Amino acid sequence: MGVRAAGTKTENGAEKPLKSRETDEALLARIARNDGAAVREMVGRKLPRILAVAVRILGDRVEAEDIAQETFIRIWRQAPRWESGRARFDTWLYGVALNLCRDRLRRRREVYTAEPPETVDPGPPPDRGLEDGDTIRTVEAALAMLPERQREALVLQYYEELSNTEAAAAMGVSIEALESLLARGRRNLRAFLENTDAHADTRD
Amino acid sequence: MTPERFSELAEIYGAELRRWPEDRREAAAAYSEAYPEEAERTLAAARRLDEALDGYAVTGPGAKLTMAIVEATPSFRTAARRMQLWWQGAGFAALGLAGALAGALAIALLMPMTVPPDEGGAYAMTAFSDMAQIVDE
C-alpha cells in the first residue's frame, strides 16, 4: 500500500507482524489500541470493497471516494466500542456504506431532481455508453437506471458475493424482500441491456 | 427441486450456483445432473446477464485516497501531533540558542577590548591581577 502510520513496535524496534488472516474483530481490537499495522491491514482488506460498492451505487467516483473516507472514519470511531459476537463486522460495514450512499442519493434528489421512477422505462436508453459500445458504461448506465434498492441488492449479492442472509441484513430487509428486489433488478437490467443491443443494432 | 423453482432461483441469483443460497446448492446440482439440457437452457439466459455484469469492473483505490484514510486514524493523528510538538520544542530550543548567541555577541561588541593602563595593566581583568599587584610592589 505504501502508506505507513504509527505502528506497534516490539522491543527491538521492529513493527509487530500481523498474524496471518486475523479476524476483523481482532483487527478492530488492535486498532482500538492505536496499532498502525492493524490500521493498514484493515484499509487493505476493506477499502477496495467499500469503494467498489459506492462507485456502483452512486455511479460517481469522486462521491464514492468521499463515502469510502466517511465509512472508515466510522470504523475508527467504532473500533474501541466494538462488541465481539454482537454482529458480523462486514454486515455492519456494508450497512454503514449503504446508509451513507442513501444519504448522498437523497441529497442529490433534493437538489437536482424529483423521485426516480419505480420501474425502468423500457424506451430508448440515454446515449451515454451506447455510442462507444463500452461495456462498463453500458452496465453502469443500466445499474443507474434501476430503483435504488434493486441496485443495492444486486451490488451486494452479485458483485460483493454476500450470502442472501448477509445482504438482507446489511440492507435491513427480509430474505424474501431481498429475493424480490434481486429478481426485479435482474429483469429490469436484462430489459435495459436487450433494448440497448437492439438500439445499437439499428444504429449499425 | 422442481424446474419452476430452479428457474426462479436462476432469475434471482444468476447462473453460478456458488451465488445461490447454501441450502439450495445441493438440490440444484442434483437437478442439473438429472436434467442437464433443461438446466442449461435455464441457466443460459441468466449467464448472459452475469457476463454483462462481469464487464463492469471498478478500478481499485489510489495511494492518495488510501493515505487520506490512514491519516484520519487516531493513531496517525496522535503520532503526527507528537511529531508536531517535537518540532515545536526543537524550534523553541533553536530560538533560545540563537537568542543566547546574539546576546553573547552583543556583549562582546559592547565591552571594551582593552583595559586602561592605570587600572592594572594587562593583568587587571584576569585572575592574575593580584599577582600583578604583588610584582609591582
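In helix α1 (residues 3–13) of chain B, B:Arg5 and B:Glu8 are three residues apart, so about one helical turn separates them. Helices here are DSSP runs of H or I with at least four residues, strands are runs of E with at least two, and both are numbered from the N terminus. B:Arg5 and B:Glu8 form a salt bridge, with the closest N and O atoms 2.3 Å apart. A salt bridge is a side-chain nitrogen of Lys or Arg within 4 Å of a carboxyl oxygen of Asp or Glu. B:Arg5 counts as partly exposed, at 24% relative accessibility. B:Glu8 also counts as partly exposed, at 42%. Buried means under 20% relative accessible area, exposed means over 50%, and partly exposed lies in between (1.4 Å probe, protein chains only).

The model is predicted: local features need pLDDT of at least 70, side-chain atom pairs count only at pLDDT 80 or more, and totals for chains, interfaces and linings use all residues. Residues are numbered from 1 along each chain as its sequence is written, chains are lettered from A and ligands numbered from 1 in the order in which they are written, and side-chain values use heavy atoms, with hydrogens and water left out.

Chain A has eight helices and zero strands. Its elements run α-α-α-α-α-α-α-α from the N terminus on. Chain B has six helices and zero strands. From the N terminus on, the order in chain B is α-α-α-α-α-α. Of the 204 residues in chain A, 48% are buried. In chain B, 21% of the 137 residues count as buried.

Contacts were examined by sequence separation. A contact means heavy atoms within 4.5 Å. In chain A, 63% of the contacts between residues at least 6 apart in sequence join residues at least 24 apart. In chain B, residues 24 or more positions apart account for 42% of the contacts with a separation of 6 or more.

Within chain A, two helices were examined as a pair. Two packed helices are described by the angle between their axes and the distance between the axes. Helix α2 (residues 36–58) and α4 of chain A pack at an angle of about 35°, with axes 10 Å apart. Axes are lines fitted to C-alpha atoms, for helices over the stretch in contact, and angles run from 0 to 180 degrees between N-to-C directions. α2(A) passes α4(A) in a right-handed crossing. A crossing is right-handed if the near helix is turned clockwise from the far one by less than a right angle, and left-handed if anticlockwise. On the α2(A) side, the contact includes A:Met42, A:Lys46, A:Ile50 and A:Leu58. On the α4(A) side, A:Phe89, A:Tyr94, A:Cys101 and A:Arg104 are among the residues involved. The residues of this contact divide into 13 nonpolar, no polar and five charged. Ala, Val, Leu, Ile, Met, Phe, Trp, Tyr, Cys and Pro count as nonpolar; Asp, Glu, Lys and Arg count as charged; the others, Gly among them, count as polar.

A:Arg104 lies in helix α4 (residues 89–111) of chain A. A:Arg104 is buried, with a relative accessible area of 16%. Leaving out residues up to four places away in sequence, A:Arg104 touches A:Leu58, A:Glu63, A:Asp66 and A:Ile67. With A:Asp66, A:Arg104 forms a salt bridge whose closest N and O atoms are 3.6 Å apart. A:Asp66 lies in helix α3 (residues 61–78) of chain A and A:Arg104 in helix α4, so the pair ties together parts that are 38 residues apart in sequence. A:Asp66 counts as partly exposed, at 35% relative accessibility.

The structure holds 25 salt bridges over all chains. In one of them, the side chains of A:Lys46 and A:Asp24 meet at 2.9 Å, N to O. A:Lys46 is in helix α2 of chain A and A:Asp24 in helix α1 (residues 24–32), so this pair ties together parts that are 22 residues apart in sequence. Both A:Lys46 and A:Asp24 are buried.

The two chains also meet. The contact takes 41 residues from chain A and 38 residues from chain B. The area buried between the chains is about 3,600 Å², of which carbon and sulfur atoms give 66%. Buried area is the accessible area (1.4 Å probe) that two parts lose on being put together, summed over both. Four salt bridges are counted between chain A and chain B. B:Asp50 forms a salt bridge with A:Arg186, with the closest N and O atoms 2.8 Å apart.
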